[in-house]
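Please look through the sequence and the model below before reading on.

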Amino acid sequence: MIQDALTTALPVLRALGEATRVQIVGVFLDRGGSATVGEVQSALGLPQSTVSRHLRILLDAGLLAVARSGPHRIYRLDVPADALDALDALTTEVRACQAAPHP
């Protein structure tokens with residue numbers, strides 16, 4: 001069971017394994033779940049090319065969805081429910097291990 005959770009959560013963990021992408025997800029969370037490239041760029045002070053590259057990685061990992069609105073591409077958090085469930089299961093297991101008495 002826990003091995004399945006690890007496997008399911010792996011794409012999310014890999015995508016968030018880089019500090020800039022964690023910051024970008026933080027921008028999405030601060031903005032209610034969606035943002036344009038320009039909004040992320042402005043919030044983090046990063047070049048557009050850097051933001052776009054990291055958004056592509058998050059998109060490919062399945063953490064984001066994108067839609068067009070006129071000339072803008074609006075990205076939004078869209079992590080699959082099974083990945084979120086897997087992360088919850090892993091968190092629960094880690095908490096249980098840490099709470100257990102150690103020999």
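With which residue does Arg31 form a salt bridge, and how far apart are the closest N and O atoms? The partner of Arg31 is Glu39, and the closest N and O atoms of this salt bridge are 2.8 Å apart. The model is a predicted one, in which local features need pLDDT of at least 70 and side-chain atom pairs count only at pLDDT 80 or more, while totals for chains, interfaces and linings use all residues. Residues are numbered from 1 along each chain as its sequence is written, and side-chain values use heavy atoms, with hydrogens and water left out.

**Salt bridges**

- Side chains of opposite charge can pair when their charged atoms come close.
- A salt bridge is counted here when a side-chain nitrogen of Lys or Arg lies within 4 Å of a carboxyl oxygen of Asp or Glu, and by this rule the count comes to three salt bridges.
- In the pair of Arg31 and Glu39, Arg31 counts as partly exposed because its relative accessibility is 42%, and Glu39 is likewise partly exposed, at 29%; the cut-offs are under 20% relative accessible area for buried, over 50% for exposed and in between for partly exposed, with a 1.4 Å probe and protein chains only.
- Arg56 and Asp60 meet through their side chains in a salt bridge of 3.1 Å, N to O, and both residues lie in helix 4, four residues apart, which is about one turn of the helix.
- Within this pair, Arg56 has a relative accessible area of 42% and is therefore partly exposed, whereas Asp60, with 57%, is exposed.
- Arg76 forms a salt bridge with Asp78, where the closest N and O atoms are 3.4 Å apart; Arg76 is partly exposed at 41%, and Asp78 is partly exposed at 36%.

**Helix 1 against helix 5**

- Helix 1 (residues 2–15) and helix 5 (residues 81–99) pack with their axes 8 Å apart and at an angle of about 120°; helices (H or I, at least four residues) and strands (E, at least two) are DSSP runs, numbered from the N terminus.
- Axes are lines fitted to C-alpha atoms, for helices over the stretch in contact, and the angles between N-to-C directions run from 0 to 180 degrees.
- The angle of about 120° makes helix 1 oblique to helix 5, because angles under 35 degrees count as roughly parallel, over 145 as roughly antiparallel, 65 to 115 as roughly perpendicular and the rest as oblique.
- On the side of helix 1 the contact is made by Ile2, Ala5, Leu6, Thr8, Ala9, Val12 and Leu13, and on the side of helix 5 by Asp82, Ala83, Ala86, Leu87, Ala89, Leu90 and Glu93, where contact means heavy atoms within 4.5 Å.
- The residues of this contact divide into 11 nonpolar, one polar and two charged; Ala, Val, Leu, Ile, Met, Phe, Trp, Tyr, Cys and Pro count as nonpolar, Asp, Glu, Lys and Arg as charged, and the others, Gly among them, as polar.

**Helix 2 and its partners**

- The axes of helix 2 (residues 19–30) and helix 3 come within 10 Å and cross at roughly 110°, so helix 2 is roughly perpendicular to helix 3.
- Gln23, Ile24, Val27 and Phe28 of helix 2 make this contact with Val40, Ala43 and Leu44 of helix 3, and the residues divide into six nonpolar, one polar and no charged.
- Helix 2 and helix 4 have axes that come within 10 Å and cross at roughly 85°, which makes helix 2 roughly perpendicular to helix 4.
- The residues making this contact are Thr20, Arg21, Ile24, Val25 and Phe28 of helix 2 and Val51, His54, Leu55, Ile57 and Leu58 of helix 4, and they divide into seven nonpolar, two polar and one charged.

**Single residues**

- His54 is found in helix 4 (residues 48–60) and counts as buried because its relative accessibility is 4%.
- Not counting residues up to four places away in sequence, His54 touches Glu18, Thr20, Arg21 and Ile24.
- Thr36 has its place in strand 1 (residues 34–36) and counts as buried at 16% relative accessibility; leaving aside neighbours within four places in sequence, Thr36 is in contact with His72, Arg73 and Ile74.
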